[in-house]
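Please examine the sequence and the fold shown below. The paragraphs after them lead through the model part by part.

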Amino acid sequence: MSDAPKSAELFERAQRVTPGGVNSPVRAFRAVGGTPRFMVSGSGPYLVDADGRQYVDLVSSWGPMILGHAHPAVVAAVQAAAAGGLSFGTPTLGEIELAELIIARVDAPSLQQVRLVNSGTEATMSAIRLARGVTGRHRVVKFAGCYHGHVDALLAAAGSGVATFAHPDSEGVTGAQTAETIVLPYNDLAAVEECFAAYGAEIACVITEAAAGNMGAVAPLAGFNAGLREVTYKHGALLIMDEVMTGFRVSAAGWYGLDPVEADLFTFGKVMSGGLPAAAFGGRADVMGQLSPAGPVYQAGTLSGNPVAVAAGLASLRAADASVYAALDANAHTVGRLLGAALDEAGVAHQVQYAGSLFSVFFADAPVTDFAGAQACATWRYKPFFHAMLDAGVYLPPSAFEAWFVNAAMDDGALARIADALPGAARAAAAA
Ligand code: PMP
């Protein structure tokens with residue numbers, strides 16, 4: 001008997017018409033097993049599934065929902081925009097306002113223009129095309145364990161040596177598509193310098209997560225992002241700071257607000273569109289000016305700058321004031337502290353690691369600074385831990401390699417439920 005009979009029934013039905021039953025892989029619970037929960041509604045810090053069970057949500061739609069679910073101001077803005085027409089395929093005022101707001105919030109001298117797209121994947125794909133177009137160079141450097149969406153050239157795993165060319169990380173991606181991608185270990189500036197010494201004149205750009213959140217939370221070591229800036233500048237390559245996950249979440253200005261390194265291009269998504277599909281990339285006017293129709297680098301989108309998505313983004317960013325960021329920080333640290341205490345009590349070796357208000361737990365004795373370290377953790381402990389939390393009404397990311405996302409709507413009741421759930425989950429992790 002499934003503990004989630006309606007979700008189980010829906011999952012079976014979904015698998016008939018959708019590959020693996022889901023529209024994005026991690027939702028299928030492959031890493032943790034069991035029945036993925038089909039959610040029917042969300043309000044504040046809670047989600048409700050098809051069986052009527054309520055969960056405190058520590059995924060927050062993988063980042064966007066910093067205000068919690070169905071925030072009244074965002075819902076009202078979306079309803080008003082929808083009533084005025086869903087899509088025009090023309091420029092609109094809202095797009096200017098969102099671009100102005102993104103630029104003003106980040107307040108980086110190098111962020112002068114942005115273009116709106118529909119997903120983080122499109123943002124990074126377009127930023128890389130632009131970097132290649134601007135520099136006339138072909139190679140791209142990325143870091144192992146950083147995820148930038150399902151762009152062919154970025155679905156690449158490291159080769160055997162440090163600065164060797166990458167292998168495809170997915171069937172359907174050809175060796176030719178990843179041959180110009182170089183994958184280096186995260187947080188290893190010496191590897192970056194060595195790579196540039198060998199291939200500097202051919203490297204169009206380095207793309208990095210502003211702070212890594214896709215192998216669990218792994219912040220850049222002090223000076224790492226600044227070091228990337230220095231090396232790329234010296235060799236005439238562009239630096240792309242991927243703030244899709246960190247942007248407007250870890251501070252009002254994103255990671256840039258905590259560690260102001262001037263990238264040539266920034267990518268944004270998630271929070272900036274309040275839960276609807278929109279994303280952006282931006283940079284200096286001379287670089288962005290190379291995009292079509294102003295310049296020769298082609299990029300386009302039927303629904304780009306969609307008025308409903310833009311309204312959701314504007315309302316979310318406008319509502320995300322200093323009190324929201326204070327709540328995100330406080331909630332992250334409260335949950336992290338409770339988590340650490342429960343694991344200590346159960347005798348499980350662990351690291352609760354933060355990148356601003358992004359955080360996650362590694363079952364390891366020492367801090368994790370790169371993907372090899374993340375992979376070497378006792379990840380098998382996560383599955384029983386996850387299910388104990390789920391059974392107790394707390395929805396965690398269904399993978400050990402994902403960051404946990406708090407929202408500002410978490411109240412004492414939500415935090416109390418997490419506090420009550422953790423000791424049992426920690427004991428389950430200990431027994432694994
Ligand atoms: N960059 C980063 C840092 C991300 O975390 C993600 C998605 N999690 C993406 C890009 C891709 O965004 P999307 O899923 O909207 O394509």
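What follows is an account of the sheets, the helices beside them, the ligand surroundings and selected residues.

The structure is a predicted model, in which local features need pLDDT of at least 70, side-chain atom pairs count only at pLDDT 80 or more, and totals for chains, interfaces and linings use all residues. Residues are numbered from 1 along each chain as its sequence is written.

Helices (H or I, at least four residues) and strands (E, at least two) are DSSP runs, numbered from the N terminus. Two strands pair if DSSP finds at least two bridges between them. On this basis, seven strands make up an open sheet of mixed pairing, in the order 4-12-11-10-9-5-8. Its edges are formed by strand 4 (113-117) and strand 8 (181-184), each of which pairs on one side only. On average, neighbouring strands of this sheet are turned by 20° against each other, direction ignored; axes are lines fitted to C-alpha atoms, for helices over the stretch in contact, and angles run from 0 to 180 degrees between N-to-C directions.

Within this sheet, strand 11 (residues 265-268) and strand 12 (residues 279-283) run antiparallel and are joined by four bridges, with Phe266 opposite Gly282 in strand 12. Strand 9 and strand 10, by contrast, are paired in the parallel sense over five bridges, and Glu209 stands opposite Asp242 in strand 10.

A residue is buried if 20 or more other C-beta atoms lie within 10 Å of its own, exposed if 12 or fewer, and partly exposed in between, with C-beta atoms placed from the backbone. Five of the five residues of strand 10 are buried, so this strand is largely enclosed by the rest of the structure. Both of its faces are covered, with Leu238, Ile240 and Asp242 buried on one side and Leu239 and Met241 on the other. In a regular strand the side chains alternate between the two faces of the sheet. Met241 counts as buried because it has 32 C-beta neighbours inside 10 Å. Leaving aside neighbours within four places in sequence, Met241 is in contact (C-beta atoms, placed from the backbone, within 7 Å) with Thr208, Ala210, Val261, Ala263 and Phe266.

Helix 3 (residues 93-106) lies across strand 4, strand 11 and strand 12, and runs at about 125° to strand 4. Helix 4 (residues 120-135) lies across strands including strand 5 (139-143), strand 9 (203-209) and strand 10 (238-242), and runs at about 165° to strand 11.

Helix 4 also gives the most to the shell around the ligand, with three residues. Of the 15 residues around the ligand, those that come nearest are Ser119, Gly120, Thr121, Gly149 and Val244; a residue is near a molecule if its C-beta atom, placed from the backbone, lies within 6 Å of it.

The loop between strand 11 and strand 12 contains Lys270. At Lys270, an unreviewed UniProt entry places the feature "modified residue: N6-(pyridoxal phosphate)lysine"; such annotations may be inferred rather than shown by experiment. Lys270 counts as buried because 28 C-beta neighbours lie inside 10 Å. Not counting residues up to four places away in sequence, Lys270 touches Gly63, Pro64, Val244 and Met245.

A further open sheet has four strands in the order 1-2-3-15, again with mixed pairing. Strand 1 (39-43) and strand 15 (394-395) stand at its edges with a single partner strand each, so one side of each has no neighbour in the sheet. Strand 3 (residues 54-57) pairs with strand 15 in the parallel sense over two bridges, and Asp57 stands opposite Tyr395 in strand 15.

Terms used:
Contact = placed C-beta atoms within 7 Å.
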